[in-house]
Amino acid sequence: GTALDAMVLGHWYLVQHGLSFEPLERMSRALVGGLAARLAFSIWCLLWNGGWDRLQPLDMDTVLLLLLRGLLGFVGPLALGWMVLACVKIKSNTSATGLLYVICLFVLVGEFSATYLLKMGHPL
């Protein structure tokens with residue numbers, strides 16, 4: 001939800017010039033915080049809630065979906081979130097909005113892979 005909200009807010013900065021960058025910075029920080037919290041919760045579910053046992057044995061489909069979930073669902077959006085914060089700091093709203101669009105796409109692919117893993121009986 002925060003990825004989409006931040007992207008819509010960033011897009012508004014492209015339409016309305018002269019807006020204060022403080023709301024975009026706060027929303028970007030909330031996005032990075034939300035992504036970090038999701039990553040921590042997923043790791044907790046995987047390691048301490050018996051999720052790792054349900055992943056055994058790892059077949060090729062599961063490995064691919066876990067890579068999609070991890071790289072496009074968590075690592076990519078977190079890295080891009082830090083880039084968005086850097087763009088907001090230098091007041092480059094066009095770059096920040098472009099990165100927010102990519103974050104939305106990455107999160108969507110990560111959530112689709114998580115949903116498929118869940119339907120296969122895996123905890124992620």
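## Basis of the description

A salt bridge is defined here as a side-chain nitrogen of Lys or Arg within 4 Å of a carboxyl oxygen of Asp or Glu. The model is predicted: local features need pLDDT of at least 70, side-chain atom pairs count only at pLDDT 80 or more, and totals for chains, interfaces and linings use all residues. Residues are numbered from 1 along each chain as its sequence is written, and side-chain values use heavy atoms, with hydrogens and water left out.

## Overall architecture

The protein chain contains five helices and zero strands, and its pattern along the sequence reads α-α-α-α-α. Helices (H or I, at least four residues) and strands (E, at least two) are taken as DSSP runs and are numbered from the N terminus. The C-alpha trace spans about 55 × 25 × 20 Å along its principal axes.

Of the 124 residues in the protein chain, 37% are buried. In this report buried denotes under 20% relative accessible area, exposed over 50%, and partly exposed the range in between (1.4 Å probe, protein chains only). Among contacts between residues at least 6 apart in sequence, 72% join residues at least 24 apart, a contact being heavy atoms within 4.5 Å.

## Surface and charge

The accessible surface of the protein chain amounts to about 7,300 Å², and carbon and sulfur atoms account for 70% of this area. Accessible areas come from the Shrake-Rupley method with a 1.4 Å probe; for residues, only the protein chains shown count as cover. The chain carries 8 positive and 7 negative charges, whose mean positions are 8 Å apart. In this count Lys and Arg are positive and Asp and Glu negative, while His and the chain ends are not counted; each charge is placed at NZ of Lys, CZ of Arg, CG of Asp or CD of Glu.

A nonpolar surface patch is formed by Leu58, Met60, Val63, Leu67, Leu71 and Val75, which together have about 560 Å² of accessible area. Patches are made of residues with over 30% relative accessible area and no salt bridge; like charges are joined within 9 Å, and nonpolar side chains (Val, Leu, Ile, Met, Phe, Trp, Tyr) within 5 Å.

Leu117 is located in helix H5 (residues 93–119). With 0% relative accessibility, Leu117 counts as buried. The C-alpha atoms of Leu117 and Leu65 are separated by 7.0 Å, although the two residues are 52 residues apart along the chain.

## Salt bridges

Side chains of opposite charge can pair when their charged atoms come close. The structure holds four salt bridges. One of them joins Glu22 and Arg26, with the closest N and O atoms 3.7 Å apart. Because they are four residues apart in helix H2 (residues 22–48), Glu22 and Arg26 are separated by about one helical turn. Glu22 is partly exposed at 48% relative accessible area, whereas Arg26 is exposed at 52%.

Arg38 and Glu111 also form a salt bridge, at 2.4 Å from N to O. This pair links distant parts of the chain, with Arg38 in helix H2 and Glu111 in helix H5, 73 residues apart. Arg38 has 26% relative accessibility and is therefore partly exposed; Glu111, at 31%, is likewise partly exposed. The side chain of Glu111 also meets that of Arg69 in a salt bridge of 2.9 Å, N to O. Here too distant parts of the chain are linked, Glu111 being in helix H5 and Arg69 in helix H4, 42 residues apart. Arg69 is buried, its relative accessible area being 8%.

## Loop residues

Most residues other than glycine have a negative phi, and most peptide bonds are trans. Lys91 is not a glycine, yet has a positive phi of about 60°. Lys91 is placed in the loop between H4 and H5 and counts as exposed, at 55% relative accessibility.

Leu19 is found in the loop between helix H1 (2–15) and H2. Its relative accessible area of 32% makes Leu19 partly exposed. Not counting residues up to four places away in sequence, Leu19 touches Trp12 and Tyr13.
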